[in-house]
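Biologist: Could you walk me through this structure in plain terms? I'd like to learn where each label comes from.

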Amino acid sequence: MKRLAFFITALLLTTGMAQAQYCATQPGTQLNYSRYQPKSKKTLSQVSYITKAEMRDGILTVEQRNRMLGAAASATDTLEFVRFEYDGKGTTNLIEMSEETMEQLFVQTTEATANDMKEAKSKGLSFQGSIVIPLKEDAKEGETFSDCTLVYKVGSMKFTTKLSEGKYEGYETIRTPAGEFRCLRVSYKATLKVSFVSDTSLITEWYAPGVGLVKSLEKTTKGKLVEEITLTSITTKQ
């Protein structure tokens with residue numbers, strides 16, 4: 001049964017179903033990025049790994065881990081877990097944050113056991129909601145997508161991340177050190193609120209089929225560049 005499931009997944013990954021995916025789909029693929037931060041005049045590196053691709057209830061699910069490397073990163077590097085889900089009908093849902101991925105991050109960064117997690121939850125640790133960007137292959141310029149929110153509570157502290165005013169801005173050809181890509185461009189506001197203090201950024205991102213993120217610009221609400229992320233190379237495990 002497992003061999004049959006693996007064969008079906010591999011077949012789908014090499015046929016038309018995978019062609020509309022706005023992400024890499026082959027486990028072992030590594031995407032390398034530069035992250036330029038003009039305020040500090042530093043360029044950090046990010047490495048994204050495709051760790052798993054499988055069918056779940058008719059949905060092609062791809063798991064990706066992102067690590068930010070460089071002087072500004074911690075000793076264990078900054079880690080993110082993201083997931084892509086393709087419905088077979090032209091939409092790739094990029095799940096940037098969810099209850100499951102936040103729990104993964106908590107366990108990874110704290111080396112928590114199942115009992116540790118249970119105890120943390122009894123003391124007020126909780127994650128509610130998700131941050132999802134629907135990447136549509138037939139998106140029309142000016143079309144919008146829904147707001148979404150994730151709330152993270154630990155003890156008396158409450159962190160709220162909100163994505164709002166999401167919009168598709170058409171298609172563009174983007175040139176990077178990794179090559180030239182035809183991309184779907186999206187923009188949105190990202191707001192992080194901690195208790196009564198909040199900060200909002202304006203985000204524009206470009207996604208290519210079969211690759212995922214190609215370029216990202218983060219700016220302040222006054223238009224000042226905070227960070228520019230650019231795809232520099234792609235390597236695939238043979």
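Biologist: What do E1 and E2 form, and how many residues lie between them?

Modeller: E1 and E2 form a hairpin with four residues between them. In the turn, Lys41 has a positive phi of about 55°. Before we go on: this is a predicted model, where local features need pLDDT of at least 70 and side-chain atom pairs pLDDT 80 or more, while totals for chains, interfaces and linings use all residues. Residues are numbered from 1 along each chain as its sequence is written, and side-chain values use heavy atoms, leaving out hydrogens and water.

Biologist: What makes E1 and E2 a pair?

Modeller: Strands (E) are DSSP runs of at least two residues, numbered from the N terminus. Two strands pair if DSSP finds at least two bridges between them. E1 (residues 30–37) and E2 (residues 42–56) have eight, in the antiparallel sense, so they pass that definition. In E2, Val47 is the bridge partner of Asn32.

Biologist: What makes the link from Gln64 to Asn66 a polar contact?

Modeller: The term asks for a pair of N or O atoms within 3.5 Å; within protein, one must be able to donate a hydrogen and the other to accept it, and residues adjacent in sequence count only if both atoms are side-chain atoms. The side chains of Gln64 and Asn66 make such a contact at 2.9 Å.
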